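Good morning, and thank you for coming. Please look at the sequence and the structure on the screen while I speak.

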Amino acid sequence: MTEESFSIKKYLRDVPLPFCPGCGAVTVMSEFLRAVHETGYRNLDKFVFCSGIGCSAWIPSPHFKADSVHTLHGRSIPVATGIKLMRPDVNVVVFGGDGDIVGIGLSHFIHAARRNLDIFVIMVNNMIYGMTGGQVAPTTPFKSKTTTTPYGSFEYPLDAARLAATAGAAYVARWTTAQTTELRSSLKKALELKGFRFIEAVSQCPTAFGRRAGFKNAGEMVRWLRDNAVPLEEAEKLAEDELAGKIVTGEFVQKQRPTLDKVVYSMIEEARKKVEEI
Amino acid sequence: MKRFEIRIAGLGGQGIVMIGQVIGRAAVYDGMNVVQTQSYGAEARGSGAKSEVIISDGKIGFPFVRKCDLLVAMNQEAVDKNLRDLKPSGVLIVDDSIVKSVPKNIKHAYAMPATKIAEEAFGEKMYANMVILGAFVGITSIVSEESVEKAVADTFPRKTATLNVEAVKKGKELAASLYRLHSLDLNKL
Amino acid sequence: MKKRSVENVYFWQGNEACAEAALAADCRFFAGYPITPASEIAEHLARRLPQTGGVALQMEDELAAIGAVVGASWAGAKAMTATSGPGFDLMQETIGWAFMTETPCVIVDVQRLGPSTGQATKCGQGDVMQARWGTHGDYVAIALSPNSVRETFDLTIRAFNLAEKYRTPVVLLTDEEIAHMRERVTVPFLESMEIINRRKPKPNEKMFFGSDEVPPMPSVGEGFDVAVTGSTHDEYGIRFTSDPDVHKRLVERLNGKILDHAEEIVETETYNISKCEVGIVCFGCTSRSVYDAVELAEAKGHKVGYVRLKTMWPFPEKTVKQLSKTASKIIIPEMNLKQVFYEVQRVAGDSTKVVPLNKIGGGVPITPEEMLAKIEEEIR
């Protein structure tokens with residue numbers, strides 16, 4: 001540990017947090033700030049945070065003592081694109097829920113991974129549209145009851161982590177909020193890498209998801225997350241039906257290739273040289 | 001006040017808009033006021049294409065040609081559709097490797113097998129537009145030859161500019177002697 | 001990259017003039033998505049922006065394009081996007097967000113024939129009301145409308161200047177005809193152009209969303225810890241939705257900072273408005289026919305005057321009102337079904353007869369002859 005002990009208050013504005021008791025977003029918030037602290041930062045001056053609409057968009061905005069841009073539903077990644085390209089020197093971190101990042105904003109997510117945009121996207125996957133009262137999400141497990149699937153969800157959920165890996169992300173990991181140690185060390189690792197980094201934190205929403213899905217409280221949900229998490233290495237040995245309802249966790253990809261800003265600015269150098277030659 | 005209204009018509013892919021652009025740019029180099037417009041279907045190739053140029057030493061309001069002093073027609077449809085907009089004193093130039101019939105009542109009609117010439121002299125029919133532009137330069141004095149050549153060089157990418165200038169020269173050279181269909185009073189232009 | 005320091009003559013398309021003007025205004029970021037008839041702006045900037053050290057990006061859709069533009073603006077850059085009707089539709093939500101977060105940016109809408117896909121290559125003027133009321137809620141738009149290639153250059157620069165000065169999105173409402181026509185353009189000396197940049201905060205300033213009519217705007221990454229949100233927020237940018245007064249104060253200021261300066265923002269071209277029998281209110285490509293028609297009408301001894309709207313929004317009420325005091329009839333030619341007509345009717349009042357002249361379909365413009373015929377019909 002570093003010499004100065006961690007105090008979450010140091011990183012937060014004096015604005016009350018909006019989260020329900022037992023919300024997984026609080027775990028992700030605190031693990032992220034701990035990771036930042038343990039990486040050696042003592043403030044968030046070098047960061048710019050972008051978020052969209054949804055409960056987890058409240059993690060940075062307006063709570064972090066930092067620049068925070070609270071965008072529209074699904075548009076945090078495009079806004080982050082503009083910021084990163086005009087200020088390649090800052091660390092752009094995007095927080096968002098599953099609805100925000102891989103529902104309404106899915107295409108931006110894929111394209112940012114494809115471009116290897118140098119941003120860090122942290123997706124709190126609570127498997128539900130929580131802020132609007134518990135409607136089905138693209139990540140809702142098959143047959144789960146939600147307010148818009150009263151007979152159980154009849155769609156198969158999206159695997160955001162594998163999608164990001166396929167699209168070209170530089171780093172992809174998935175953990176549950178029951179795995180705080182792994183989550184934090186993964187966050188620390190991603191903070192020090194370059195390129196499109198994506199961490200999916202599968203999280204409990206006791207209010208909007210848990211109640212209808214039959215969980216008594218947040219604790220029971222966290223235990224459920226813990227018990228259903230299957231490490232990637234083990235999952236590879238299992239058949240598809242054996243994996244039904246499980247959460248595959250671990251690091252899906254880690255690779256390096258030039259980031260969008262580097263490629264763009266070296267192209268600009270070339271273009272400027274050519275003009276001078278003329 | 002001097003004012004010329006020119007229409008170039010043909011098929012998408014024949015470089016119709018390029019002809020209009022070069023004439024327009026040349027007129028700018030000659031110090032004139034110019035408006036050049038174009039219209040074509042959503043498809044990049046194969047539908048009707050039209051380009052218009054208005055050259056004036058005064059202000060140009062409405063930018064489209066209603067009655068033209070000069071019509072360049074690169075296919076039969078272009079002749080058939082546009083002749084009604086040619087002024088009685090206007091000049092028609094057609095590519096007669098494609099256009100097969102021109103009504104006899106057109107006072108000033110010129111024909112040049114531009115596509116054939118382009119294929120024979122440059123091995124590519126895409127140069128037909130610059131060949132017929134050469135004919136236009138030879139027949140009229142609306143824009144100067146010098147400005148047209150400069151405009152061609154400035155409009156096309158460096159790689160193809162030289163051949164395009166050659167194509168204009170070829171068209172002009174042949175215009176002087178060969179392909180006149182009907183009489184023309186050159187002083188009018 | 002050497003900046004242009006001499007007056008230069010060009011043979012530009014409207015879209016090229018728009019792109020070059022953006023460079024002259026010091027635009028550093030462009031993001032777009034291909035759409036006819038606006039794509040030439042993206043193509044031109046893709047080549048030219050890197051030469052001046054700026055970034056031009058093609059995004060995955062118009063939602064992303066405008067999002068990136070607003071992001072770039074918060075990173076301190078002057079930023080622009082260009083689109084046409086269908087893309088303008090998609091951008092509306094973010095335009096509202098830019099208005100609420102007071103983000104300077106320029107949105108070029110090259111109007112084509114709508115509704116919907118309509119006719120991509122054909123001219124229309126049907127986005128006038130969309131430029132005013134496109135996004136939801138109580139907001140005030142600034143929209144400028146050029147009628148020549150040269151004016152596209154001038155008004156693009158003006159769009160950036162107004163955006164920066166008032167910290168708000170500005171729409172350049174051009175059209176297919178002006179965007180695709182080429183004209184002889186004489187570009188003024190770069191040094192002679194007024195280029196306005198947003199006011200930056202002093203090191204200890206904290207109020208970026210209130211107090212001043214147009215508050216100073218920090219950039220992200222400068223240590224101001226700026227909180228940006230499209231939700232109702234207080235002077236410090238912190239979301240605050242429990243007090244109705246906070247919303248009222250914020251939204252009234254956002255509207256007021258534009259409406260209270262309408263006189264400065266509004267630009268018109270007028271001709272003979274104090275002596276005419278018949279007046280015309282026109283804008284964009286259609287006004288070019290008006291020039292010719294007025295000449296033709298005068299040759300026949302008619303007294304005609306016009307107001308041309310270079311600023312569409314805020315609506316040039318004062319000048320139109322002035323015209324309505326002399327002209328007993330006002331004709332409004334537009335390539336749509338009466339979008340400006342009702343505005344003129346509202347401003348002119350009952351004592352003036354307001355006459356529509358509308359033409360839609362096929363992108364066929366209103367000709368000077370049609371315009372003249374309408375003038376003569378009204379004089380008779």
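This is a predicted model: local features need pLDDT of at least 70, side-chain atom pairs count only at pLDDT 80 or more; totals for chains, interfaces and linings use all residues.

Of the area that chain C buries against chain A, Glu60(C), Trp97(C) and Asp225(C) supply 19%, more than any other three residues.

Residues are numbered from 1 along each chain as its sequence is written, chains are lettered from A and ligands numbered from 1 in the order in which they are written, and side-chain values use heavy atoms, with hydrogens and water left out.

How many residues does each chain bring to the contact? Chain C gives 37 residues and chain A gives 36 residues, where contact means heavy atoms within 4.5 Å. Of the two pairs of chains in contact, A and C share the most contacts. By comparison, no contact joins chain A and chain B, and their closest C-alpha atoms lie 13 Å apart.

In it, the side chains of Glu60(C) and Arg115(A) meet at 2.8 Å, N to O.

Strands also cross the boundary between the chains. Strand E2 of chain A, residues 67-70, runs parallel to E10(C) and is joined to it by three bridges. Within this pairing, Val69(A) has Val228(C) as its bridge partner. Two strands pair if DSSP finds at least two bridges between them; helices (H or I, at least four residues) and strands (E, at least two) are DSSP runs, numbered from the N terminus.

**A strand inside chain A**

Is strand E4 of chain A, residues 119-125, buried or exposed? Seven of its seven residues are buried, so the strand is largely enclosed by the rest of the structure. Buried means under 20% relative accessible area, exposed over 50%, and partly exposed in between, with a 1.4 Å probe and protein chains only. Ile119(A), Val121(A), Met123(A) and Asn125(A) point one way from E4(A), whereas Phe120(A), Ile122(A) and Val124(A) point the other way.

E4(A) has parallel partners. Strand E3 of chain A, residues 91-97, pairs with E4(A) over six bridges, and Phe95(A) stands opposite Ile122(A). Strand E6 of chain A, residues 197-202, also pairs with E4(A) over six bridges, and there Asn125(A) has Val202(A) as its bridge partner.

**A buried loop residue in chain C**

Met193(C) lies in the loop between strand E9 (182-187) and E10 of chain C. This methionine is buried, with a relative accessible area of 14%. Leaving aside neighbours within four places in sequence, Met193(C) is in contact with Ala24(C), Phe153(C), Ile157(C), Val187(C) and Pro188(C). Met193(C) and Ala24(C) are 169 residues apart in sequence, yet 8.7 Å apart in space, C-alpha to C-alpha.

**Chain B**

Finally, chain B has six helices and six strands. Of its 189 residues, 57% count as buried.

Methods:
Buried area is the accessible area (1.4 Å probe) that two parts lose on being put together, summed over both. A salt bridge is a side-chain nitrogen of Lys or Arg within 4 Å of a carboxyl oxygen of Asp or Glu.
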